[in-house]
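I opened my notebook to look at one structure, residue by residue. Here is what I looked up.

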Amino acid sequence: MSLNSSPHGLRVLSLYEGFFSGGARQLHSTVVAGLHAGGRQRHAALSIHSEVRREATLQRMADDQRFRLLRSAGVHVSSLGRSTDDGLDPRTFSPRELHHAALEVRAAHVVMSLKEQPLRLTNALDVDRPVVACLHRSDPEHQGTALDDLLLAAGEGRLAAVVCCAESTRDAYAAAGVPRSLLRVVPNGINLARFRPVSDARRRALRGGFGLPVDAHVVVFAARFDTMKNPGLFVAAARQYLERDPAGHVVMCGAGMSDANPDLVVELGLAFGDRPDLLARVHALGVRPDMELVYATADVVALTSVFGEAAPLCLIEGAMCGAIPVTTPVGDSARIVEGIGFVTGFDAAEIAATWIEATARRGELAGALTAARPRFSHVRMLTGYATVLETVHRGAGAQLAPV
């Protein structure tokens with residue numbers, strides 16, 4: 001279905017760098033599919049890349065869970081067809097690519113950019129459509145030239161609004177020079193029907209399916225193998241945790257979190273080379289399409305990131321499945337886990353001890369997790385995004401040429 005076949009309602013085009021595993025893409029795709037299904041807005045998506053190599057894994061758009069979510073919701077999705085393995089200059093677009101992108105943009109009233117990276121494409125187009133950038137990190141200084149593209153779009157008046165998933169995101173980008181008047185905070189939310197606790201019988205069955213003892217103490221780490229996520233610190237904490245808790249097991253999920261990644265193999269070898277018995281209780285599952293089932297097996301959902309985080313979905317998703325969140329103090333993580341989890345420093349021994357404490361207090365905190373569910377609902381998030389998009393459209397309507 002093309003946007004041109006949707007004459008009624010606000011038409012929105014989302015720009016993706018590519019479709020690959022990650023919380024920001026999962027969340028943005030949830031927003032797009034949800035708003036499209038609501039009927040008041042018609043959404044489409046354009047991806048710069050059709051395949052992306054990240055964390056030692058080539059991830060193809062056609063295989064991606066988020067791509068399939070959008071297609072199943074009836075969202076039109078197209079691509080410029082690039083691959084990160086092509087060796088093309090990421091900042092230069094061919095006439096064919098620009099023509100394709102211009103057609104898609106002209107068919108929309110408003111353009112949404114997932115993160116700031118795709119703004120290099122909108123800045124290259126001579127198309128008069130307001131742009132809403134959706135930001136999901138708290139480290140603009142680590143985004144390379146993407147921050148320059150964001151500031152250029154703001155300076156030229158093309159940027160109509162910036163949706164920040166966390167207060168830390170808003171504050172960081174305001175300090176980096178984005179006009180505060182453009183910044184809007186819409187907190188992350190999740191589908192509570194998908195991410196929810198399961199019965200004890202279901203929990204035992206899931207653990208058996210994942211090769212975990214039914215009476216194990218399980219810590220889940222859902223993150224890609226990236227410096228930002230600090231996998232070395234997680235592995236170091238896992239070593240100490242498994243030494244201290246004979247019932248402990250550690251599950252690692254995400255891009256690069258499998259034995260196909262030589263860097264992870266090296267990291268685990270350095271930490272567990274002298275203790276293969278402990279390494280046997282580390283389960284590296286790689287990218288999973290069924291994270292709600294993985295979280296349902298867990299006592300603890302862990303995050304050891306050192307920078308860049310804003311409102312990490314893994315903490316919210318894991319907690320809403322009944323796991324106690326334990327996080328380092330990055331972005332809005334402390335706000336997210338307040339009253340339902342724990343914040344640690346960057347010391348492996350402290351982290352391991354906190355996992356043990358969190359496991360022991362899981363029953364005590366169950367009521368707080370249940371009470372927190374309404375504040376993490378994706379319905380509130382969808383309302384926030386819809387309001388921003390409709391406000392931008394009304395404000396720009398007088399200047400837009402007819403579609």
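Predicted model: local features only at pLDDT ≥ 70, side-chain atom pairs only at ≥ 80, totals over all residues.

Entry 1: I asked first: is K115 buried or exposed? K115 has a relative accessible area of 13%. Buried means under 20%, so K115 counts as buried. I then looked up where K115 sits. It is in the loop between β5 (110-114) and α4 (119-124).

**Entry 2: another positive phi.** I went on to N230. Its phi is positive too, about 55 degrees, although N230 is not a glycine. I found N230 in the loop between β9 (217-222) and α8 (231-244).

**Entry 3: helix α2.** I turned to α2, residues 65-72. Which residues of α2 are buried? I wrote down R66, F67 and L70. They cover an arc of only 105 degrees around the axis, so they lie on the same side of α2. I then checked the other side of α2, where R68 and S72 are exposed. Next I asked what covers the buried residues of α2. The cover includes β1 (10-16), α1 (23-38), β2 (41-54) and β4 (76-83). I also looked just after α2 and found G74 there. G74 takes a positive phi of about 85 degrees.

**Entry 4: R66 in detail.** I picked R66, which lies in helix α2. Why do I call R66 buried? Its relative accessible area is 7%, and buried means under 20%, so R66 qualifies. Then I looked for a partner. The side chains of R66 and Q26 are joined by a polar contact of 3.2 Å. I also listed the contacts of R66, leaving aside neighbours within four places in sequence. They are F19, F20, S21, G22, R25, Q26 and S29.

**Entry 5: the nonpolar cores.** How many residues does the largest nonpolar core have? I noted 98. V132, W355 and Y385 have the most contacts inside this core. I followed Y385 and left aside its neighbours within four places in sequence. Y385 is in contact with L27, V31, L35, M112, C134, H136, V163 and V186.

How values were computed:
Residues numbered from 1 in each chain as written. Heavy atoms only, no water. Helix = DSSP H or I, 4+ residues; strand = E, 2+ residues; numbered from the N terminus. Buried < 20%, exposed > 50% of the residue type's maximum accessible area, 1.4 Å probe, protein only. Core = buried A, V, L, I, M, F, W, Y, C linked by side-chain atoms within 4.5 Å. Contact = heavy atoms within 4.5 Å. Arc of directions from axis to C-beta. Polar contact = N/O pair within 3.5 Å; in protein donor to acceptor, adjacent residues only side chain to side chain.
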